[in-house]
Amino acid sequence: MIVVHHLNNSRSQRILWMLEELDVPYEIKRYAREPSMQAPESLRAVHPLGKSPVITDGDKTLAESGAILEYLVAAYGNGKFSPATGTQEWLHYTYFMHYAEGSLMPILFMKLVFGKLPSRVPFFMRPVARAIANGADKTLLGPQITNHFAFLEGELNKREWFAGVEFSAADVQMSFPLEAAAARSPIFARLPKLKAFVNRIQARPAYKRAVEKGGAYEILK
């Protein structure tokens, strides 16, 4: 039995979704975030970094969303959710499996951190912190995020899903940063292809079942 060590409001929601798409039985072991929003120390007993997602499958322990998704598709997909190796679709698939966390999520996370900076410092330092955050957003983060979103909108103008005409694990991997952006970034309203992508994934029955089983998914709020 696969066990998903599931942290609320985290990337592990993607793993539940993938398992629902695969129709593979699994168990959920739940962990709640600390008041600091960090993962609880108890996750270190599963993996030394104490992060989520982590799964155990028999004697195997796997961490990192992309690695887990690739393992699940290879072990349980029976040829589904991953294009044939060597095809153009497979190249797109491989790229977006790595791009989501390697390129897109870091810049979105930096924007989140800088956005929260003024409220996290002493009151008398807030004007300075606000000036730093606004400067970083204007000169670095905003232009980069706009560039990334334009790139992704262009990719979905070429094909329905990130790898090609078929839904794949790359779309599951891309879901977390795009849902975060849809919830927090005003520019998202001007990106019809990305907006439609988020609507399509959230309408999938397997996605809905995963949210039901995983619990409230507050990144969407």
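**Briefing: a pocket, a buried helix and a helix pair**

The second largest pocket has a volume of about 200 Å³. The model is predicted. Helix α1 is largely enclosed by the rest of the structure. Helices α6 and α7 pack at an angle of about 70°.

**Second largest pocket**
- The pocket is lined by 14 residues.
- Closest to its centre are Ser 82, Pro 83, Glu 166, Phe 167 and Ser 168.
- By class, the lining has six nonpolar, five polar and three charged residues.

**Helix α1**
- Helix α1 covers residues 12-22.
- Eleven of its eleven residues are buried, so the helix is largely enclosed by the rest of the structure.
- Among the buried residues are Ile 15, Leu 16, Trp 17, Met 18, Leu 19 and Leu 22.
- The buried set also includes Ser 12, Gln 13, Arg 14, Glu 20 and Glu 21.
- Asp 23 follows α1, and its phi is positive, near 60°.

**Helices α6 and α7**
- Two packed helices are described by the angle between their axes and the distance between the axes.
- Helix α6 spans residues 192-203, and helix α7 spans residues 205-214.
- Their axes lie 5 Å apart, at an angle of about 70°.
- Angles of 65 to 115 degrees count as roughly perpendicular, and α6 and α7 are therefore roughly perpendicular to each other.
- From α6, the contact uses Ile 201, Gln 202 and Ala 203.
- From α7, the contact uses Pro 205, Tyr 207 and Lys 208.
- By class, this contact has four nonpolar, one polar and one charged residues.

Methods. Residues numbered from 1 in each chain as written. Predicted model: local features only at pLDDT ≥ 70, side-chain atom pairs only at ≥ 80, totals over all residues. Heavy atoms only, no water. 1 Å grid on protein atoms, 1.4 Å probe; cavity = no way out; pocket = protein on both sides within 12 Å on 5 of 7 lines; lining within 4 Å. Points joined across faces, edges and corners; volume = space filled by probe spheres on them. Nonpolar A, V, L, I, M, F, W, Y, C, P; charged D, E, K, R; others polar. Buried < 20%, exposed > 50% of the residue type's maximum accessible area, 1.4 Å probe, protein only. Helix = DSSP H or I, 4+ residues; strand = E, 2+ residues; numbered from the N terminus. Axes fitted to C-alpha atoms, helices over the stretch in contact; angles between N-to-C directions. Parallel < 35°, antiparallel > 145°, perpendicular 65-115°, else oblique. Contact = heavy atoms within 4.5 Å.
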